[in-house]
Amino acid sequence: MSSRNGLTAYRGKRHFDRTREPEGEQTPSGGEPCFVVQIHDASTLHFDFRLEVDGVLKSWSVPKGPSTDPHDKRLAMPTEDHPLEYREFEGVIPAGEYGAGTVIVWDEGSYHPLTSHKKGRAGSFSESPLEAGHASFWLDGSKLHGGYALTRFRSGEGPGKRESWLLVKENDDRAGRGGTPDARRARSVRSGRTLKRVTADEAGGAADG
């Protein structure tokens, strides 16, 4: 599937003459794939966890955010694929638009798939481990480091059911017990701003950051 076709759902939910969110034209750089974690103060405050796969950002809504503690099993609900440019998006989605609210980039960096124990070699996400329901990967971010895994525990098949995953930190030397910081106090890795500061900046006002 091309990245443009993969963004059909994303584009269908947005009016790009009203929102500054990117429509999506960028192609992969050819280097290590990227990841980004954004905090999104929409109808509910949550974290968005995104991995670059096949020219788009595969995305999950993580209500409590990723944790550095291997004992924490974070619910992760799949959302539509986003364009690669979205990893840089920070600002306010206007009222009346899909996902209206403030977004900051909490963490960003590169990642690589971890070695498959069954195959004995490094896997590629283009080989569809996500379709199979489990993917392990190593994050090299500003805040998140080390191994993580996404595991599907509900298929979403059947009326009224949604596909559901768990995001869990691997028990490696980068594990910790810090959990996830307070989303309201957290600062952007790109601008150093909080949600409150971004909202105020775009409104032309002032707020304590």
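In the predicted model, P113 stands opposite F137 in β9. This position belongs to the pairing of β6 with β9, which is antiparallel and runs over five bridges. β6 also pairs in the antiparallel sense with β1, over eight bridges, and V36 is found opposite E108 of β6. A further antiparallel pairing, over three bridges, joins β6 to strand β5 (residues 91-93); here G101 in β6 is the bridge partner of I93. Ten of the 13 residues of β6 are buried, and the strand is thus mostly covered.

The protein contains four helices and eleven strands. Of its 209 residues, 44% count as buried. Among contacts with a separation of 6 or more, 59% are between residues 24 or more positions apart.

The largest nonpolar core comprises 27 residues, and F49, L51, W60, F137, L139 and L150 have the most contacts inside it. Elements giving two or more residues to this core include β1 (34-41), β6 (101-113), β9 (134-141) and α4 (195-203). The largest share, four residues, is supplied by β2. With neighbours within four places in sequence left aside, W60 is in contact with F47, D48, F49, L51, A76, M77, P78, T79, L130, L150 and W165. Another core, of twelve residues, lies apart from the largest one and has L7, C34, V56 and L84 among its members. In soluble globular proteins, nonpolar side chains tend to be buried together.

Terms used: Residues numbered from 1 in each chain as written. Predicted model: local features only at pLDDT ≥ 70, side-chain atom pairs only at ≥ 80, totals over all residues. Heavy atoms only, no water. Buried < 20%, exposed > 50% of the residue type's maximum accessible area, 1.4 Å probe, protein only. Contact = heavy atoms within 4.5 Å. Core = buried A, V, L, I, M, F, W, Y, C linked by side-chain atoms within 4.5 Å. Pairing = 2+ DSSP bridges.
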